[in-house]
Amino acid sequence: MRHAPLLILLTLALPCATHAAEHEIIVGADGQNAYAPSQLKISAGDTVTFRQVGGFHNVASAAGSITAFRCGPSGCDGVGGGNGDPGGGTWQQTVAFPDAGTANYFCDVHGQSMSGTIVVNPVPVTLQSFDID
């Protein structure tokens with residue numbers, strides 16, 4: 001047990017875990033061809049739920065986005081047999097953003113006139129230290 005104090009010190013110096021947050025973006029907000037908010041800052045590991053409240057839309061990541069997704073009323077491409085084709089009515093789909101970076105997105109129907117950006121910040125590392133006698 002000669003190394004026990006060192007092992008305890010190393011264990012206590014590990015980064016503290018943070019809990020992932022959930023965010024929401026409204027699709028077709030206020031009867032417009034818009035996302036609200038159109039600019040969102042989150043942390044790596046967070047999720048975003050796209051919730052359509054009206055119109056005929058979908059949400060698709062632009063080329064080069066940190067996380068690739070294409071979601072609509074029938075689900076998201078490649079997830080449980082869903083597809084991200086645009087559609088009407090109300091629907092919601094949730095996308096996880098595990099890595100830091102930027103995800104630009106748009107509606108396949110309305111193109112860049114209906115677009116937004118999600119900035120995914122890295123999770124800050126918080127170290128804890130304790131005195132061991």
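Modeller: First a term: helices and strands here are DSSP runs, a helix having at least four residues and a strand at least two, numbered from the N terminus. Note also that this is a predicted model.

Colleague: OK. How many helices and strands does the chain have?
Modeller: The count is one helix and 10 strands. Along the sequence the pattern reads α-β-β-β-β-β-β-β-β-β-β.

Colleague: What share of the residues is buried?
Modeller: Of the 133 residues in the chain, 32% are buried. The accessible surface is about 7,800 Å², and carbon and sulfur atoms account for 56% of that.

Colleague: And the contacts, how many join residues at least 24 apart?
Modeller: The figure is 64%, taken among contacts between residues at least 6 apart in sequence.

Colleague: What holds strands together in general?
Modeller: Strands of a sheet pair through backbone hydrogen bonds, parallel or antiparallel.

Colleague: Strand 4 and strand 8, then: parallel or antiparallel?
Modeller: Antiparallel, with seven bridges joining strand 4 (residues 46–52) to strand 8. Within that pair, threonine 49 stands opposite threonine 94 of strand 8.

Colleague: Changing topic: how many disulfides are there?
Modeller: A search of the whole structure finds one. Cysteine 71 is joined to cysteine 76, S to S 2.0 Å. The link of cysteine 71 and cysteine 76 is right-handed, with 105° about the S-S bond.

Colleague: Are those two cysteines buried or exposed?
Modeller: Buried means under 20% relative accessible area. Cysteine 71 is at 0%, so it counts as buried. Cysteine 76 has 9%, so it is buried too.

Colleague: And why does cysteine 107 count as buried?
Modeller: Because its relative accessibility is 0%.

Colleague: Last one. Where is alanine 103?
Modeller: Alanine 103 is in strand 9 (residues 101–107). Alanine 103 is buried because its relative accessible area is 0%.

Colleague: Which residues is alanine 103 in contact with?
Modeller: Leaving aside neighbours within four places in sequence, alanine 103 is in contact with Ser65, Ile66, Phe69, Phe97, Gly116, Thr117 and Ile118. As for alanine 60, it lies 43 residues from alanine 103 in sequence and 9.8 Å from it in space, C-alpha to C-alpha.

Definitions and conventions:
Residues are numbered from 1 along each chain as its sequence is written. This is a predicted model: local features need pLDDT of at least 70, side-chain atom pairs count only at pLDDT 80 or more; totals for chains, interfaces and linings use all residues. Side-chain values use heavy atoms; hydrogens and water are left out. Buried means under 20% relative accessible area, exposed over 50%, partly exposed in between (1.4 Å probe, protein chains only). Contact means heavy atoms within 4.5 Å. Accessible areas come from the Shrake-Rupley method with a 1.4 Å probe; for residues, only the protein chains shown count as cover. A disulfide is a pair of cysteine sulfur atoms within 2.5 Å. Two strands pair if DSSP finds at least two bridges between them.
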